[in-house]
Amino acid sequence: MSPSTTQTPRFSPSDTTVVFLLGGPGSGKGTQSSNLVRDYGFTHLSAGDLLRAEQIREGSQYGELIKSYIRDGKIVPMEITVALLSNAMAEKLAQSPSSGGEGKARFLIDGFPRKLDQAVFFEETVCPSEFTLFLDCPEEVMEARLLKRGETSGRDDDNAESIRKRFRTFVETSMPVVDEFAKQDKVISVSATGEVEDVYKRIQAGFEKRGVTVRTSS
Ligand code: UP5
Ligand code: MG
């Protein structure tokens, strides 16, 4: 995104790599993240997981708000999500500072940004992204996966009604983020149907093309 202000981001892309991982609900973001953490040394930050943790954190002033937004498949106000992500990044960097160059810290931000203004705000205030990995998956495949997961997940939004709302939000609000990054030639788009391992092979091929090197320890 082109910056609209001269604000300096909290983390510099010269020692921190940020990759966004986007895709519809149930496209396999969480599943493929585990593979990417193992083979590329990413620190995985799922915006949805951070919000769900904040929702149940004792003393959080946002618990009820997050709960109702997630159940309705709506996007939580970005100040909350960006603060959670930015603080999680700072925490990780405090534990293991980036050594720059080949040892540059790598963050895989799963399920964020979900709206164009979030992308702009994050890149201006937190860290510009290197690229976006997009998992492209038809709704009927995602729906079947989510309904199956809903039998055991306990997630408030894994029911037919919430899934429908999540799909609508994704198409209307989140897909424009992917389209915008694609215009900037910053998207690796991968078909997310078929076996988990086959999807992962496509991701690896995309990463190789882009010159992302394998790294086994984070
Ligand atoms: N599965 C995965 N890959 C498979 C494959 N190839 N073949 C067969 N099965 C496969 O996978 C979903 C299910 O499918 C699992 O059971 C898996 O085993 C199986 P998963 O990897 O969990 O998919 P993922 O894309 O991560 O699905 P998720 O449900 O997490 O996606 P959402 O984008 O809906 O969820 P998220 O947690 O990111 O967001 C939830 C809500 O939080 C949003 O709707 C929104 O209300 C809120 N939110 C914000 O407001 N702001 C944010 O920035 C982020 C979230
Ligand atoms: Mg997920």
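Predicted model: local features only at pLDDT ≥ 70, side-chain atom pairs only at ≥ 80, totals over all residues.
Local features need pLDDT of at least 70, side-chain atom pairs count only at pLDDT 80 or more, and totals for chains, interfaces and linings use all residues. Residues are numbered from 1 along each chain as its sequence is written, chains are lettered from A and ligands numbered from 1 in written order, and side-chain values use heavy atoms, leaving out hydrogens and water.

Biologist: How many residues surround ligand 1?

Modeller: A residue counts if one of its heavy atoms lies within 4 Å of the ligand. The closest are Thr 31, Lys 74, Val 76, Arg 114 and Arg 149. The shell divides into 10 nonpolar, 10 polar (Gly among them) and 10 charged (Asp, Glu, Lys and Arg). The number that surround ligand 1 is 30.

Biologist: Which residue has a polar side-chain atom 2.5 Å from an oxygen atom of ligand 1?

Modeller: Polar contacts here are pairs of N or O atoms within 3.5 Å. Val 76 has a backbone N or O atom 2.7 Å from a ligand oxygen. Val 196 has a polar backbone atom 3.5 Å from a ligand nitrogen. The side-chain atom at 2.5 Å belongs to Thr 31.

Biologist: What percentage of the accessible area of ligand 1 does the protein cover?

Modeller: Areas come from the Shrake-Rupley method with a 1.4 Å probe. On its own, ligand 1 has 1,000 Å² of accessible area. The protein covers 85%.

Biologist: Which helix gives the most residues to the shell around ligand 1?

Modeller: Helices are DSSP runs (H or I) of at least four residues, and strands (E) of at least two, numbered from the N terminus. The elements giving two or more residues are H1 (29–40), H2 (47–56), H3 (63–71) and H6 (139–150). The top count is 4 residues, from H2.

Biologist: Where is Gly 26?

Modeller: An unreviewed UniProt entry lists Gly 26 under "binding site", along with residues including Lys 29, Thr 31 and Arg 149. Such annotations may be inferred rather than shown by experiment. Gly 26 is in the loop between strand E1 (16–23) and H1.

Biologist: Where does Ile 75 lie?

Modeller: UniProt (unreviewed entry) places another "binding site" feature at residues including Arg 52, Ile 75, Val 76 and Arg 166. These positions are spread over 115 residues of sequence, and up to 24.3 Å between C-alpha atoms. Ile 75 is found in the loop between H3 and helix H4 (78–95).

Technical notes. Polar contact = N/O pair within 3.5 Å; in protein donor to acceptor, adjacent residues only side chain to side chain.
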